[in-house]
Amino acid sequence: MQEPLTTEEARDYGHRAYINGKKRVPIHDSLFYKRVEETLVNGSEATVGSASKLFGAWLDGWDTANLKSNTLK
C-alpha cells in the first residue's frame, strides 16, 4: 500500500490531467480516484472533509494549469 495521498500530490494529479486533455472532473481521473480510495477507504486517513480537501486540491491543480496555458477549455 502506498503512503496516504497528500493535497500537494492531488494538485499534481489535477495538473497532469489538464496537460493530458482531461475534463475538469476529478472523479473521471481513474489514477487519482484510486489513490483517494486507497487513502480514505483502505487507510486510516478518513476524517470529515478529507475527501473534499483532496478533490479541491485536484481542481486547484487543473485550474492553475489551465490559467498558465493562456487558453481556457
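Is Glu8 buried, partly exposed or exposed, and what is its relative accessible area? In this predicted model, Glu8 has a relative accessible area of 45%, so Glu8 counts as partly exposed.

**View 1. Glu8, Arg11 and Asp60 are linked in a network of salt bridges.** Glu8 forms a salt bridge with Arg11, and the closest N and O atoms of this pair are 3.0 Å apart. Both Glu8 and Arg11 belong to helix H1, where they are three residues apart, or about one turn of the helix. Arg11 also meets Asp60 in a salt bridge between their side chains, with an N to O distance of 3.0 Å. This second pair links distant parts of the chain, since Arg11 is in helix H1 and Asp60 is in helix H3, 49 residues apart. Arg11 has a relative accessible area of 28% and is therefore partly exposed, and Asp60, with a relative accessible area of 35%, is partly exposed as well.

**View 2. The side chains of Asp63 and Arg24 meet in a salt bridge.** The N to O distance in this salt bridge is 2.6 Å. Because Asp63 lies in helix H3 while Arg24 lies in the loop between H1 and H2, the pair ties together parts that are 39 residues apart in sequence. Asp63 counts as partly exposed at 25% relative accessibility, and Arg24 counts as partly exposed at 39% relative accessibility. For the structure as a whole, the count of salt bridges comes to six.

**View 3. The largest nonpolar core has 14 residues.** The residues with the most contacts inside this core are Leu5, Phe32, Val36, Leu54 and Trp58. Helix H3 provides the largest share of the core, namely six residues. As a general background to this view, nonpolar side chains in soluble globular proteins tend to be buried together.

**View 4. Phe32 and Phe55 form an aromatic pair, one of the four that the structure holds.** The ring centres of Phe32 and Phe55 are 5.4 Å apart and the ring planes stand at 90°, so the pair is edge-to-face. This pair links distant parts of the chain, with Phe32 in helix H2 and Phe55 in helix H3, 23 residues apart. Both Phe32 and Phe55 are buried.

**View 5. Phe32 and Trp58 form a tilted aromatic pair.** The centres of the two rings are separated by 6.2 Å, and there is an angle of 40° between their planes. Because Phe32 lies in helix H2 and Trp58 in helix H3, the pair ties together parts that are 26 residues apart in sequence. Phe32 and Trp58 are both buried. Beyond these pairs, Tyr13, Phe32, Phe55 and Trp58 form one aromatic cluster.

**View 6. Trp58 is in contact with residues that include Tyr13, Asp29 and Phe32.** When its neighbours within four places in sequence are left aside, the contacts of Trp58 also include Ala10, Arg11, Gly14 and Ala17.

**View 7. Asp29 is found in the loop between helix H1 (7-19) and helix H2 (30-42).** Is Asp29 buried or exposed? At 5% relative accessibility, Asp29 counts as buried, because the cut-off for buried is under 20% relative accessible area. With its neighbours within four places in sequence left aside, Asp29 is in contact with Tyr13, Ala17, Lys22 and Trp58.

**View 8. The charged end of Arg16 sits over the ring of Tyr13.** The distance from the charged end of Arg16 to the centre of the Tyr13 ring is 4.7 Å. Tyr13 is also one of the residues in contact with Asp29, and Tyr13 belongs to the aromatic cluster with Phe32, Phe55 and Trp58.

**View 9. Leu31 lies in helix H2.** The relative accessible area of Leu31 is 59%, so this residue is exposed. The C-alpha atoms of Leu31 and Tyr13 are separated by 8.3 Å, and the two residues are 18 residues apart along the chain.

Note on methods. Residues numbered from 1 in each chain as written. Predicted model: local features only at pLDDT ≥ 70, side-chain atom pairs only at ≥ 80, totals over all residues. Heavy atoms only, no water. Helix = DSSP H or I, 4+ residues; strand = E, 2+ residues; numbered from the N terminus. Buried < 20%, exposed > 50% of the residue type's maximum accessible area, 1.4 Å probe, protein only. Contact = heavy atoms within 4.5 Å. Core = buried A, V, L, I, M, F, W, Y, C linked by side-chain atoms within 4.5 Å. Phe/Tyr/Trp six-rings, centres within 6.5 Å; stacked < 30°, edge-to-face > 60°. Lys NZ or Arg CZ within 6 Å of the ring centre and 35° of its normal. Salt bridge = Lys/Arg side-chain N within 4 Å of Asp/Glu carboxyl O.
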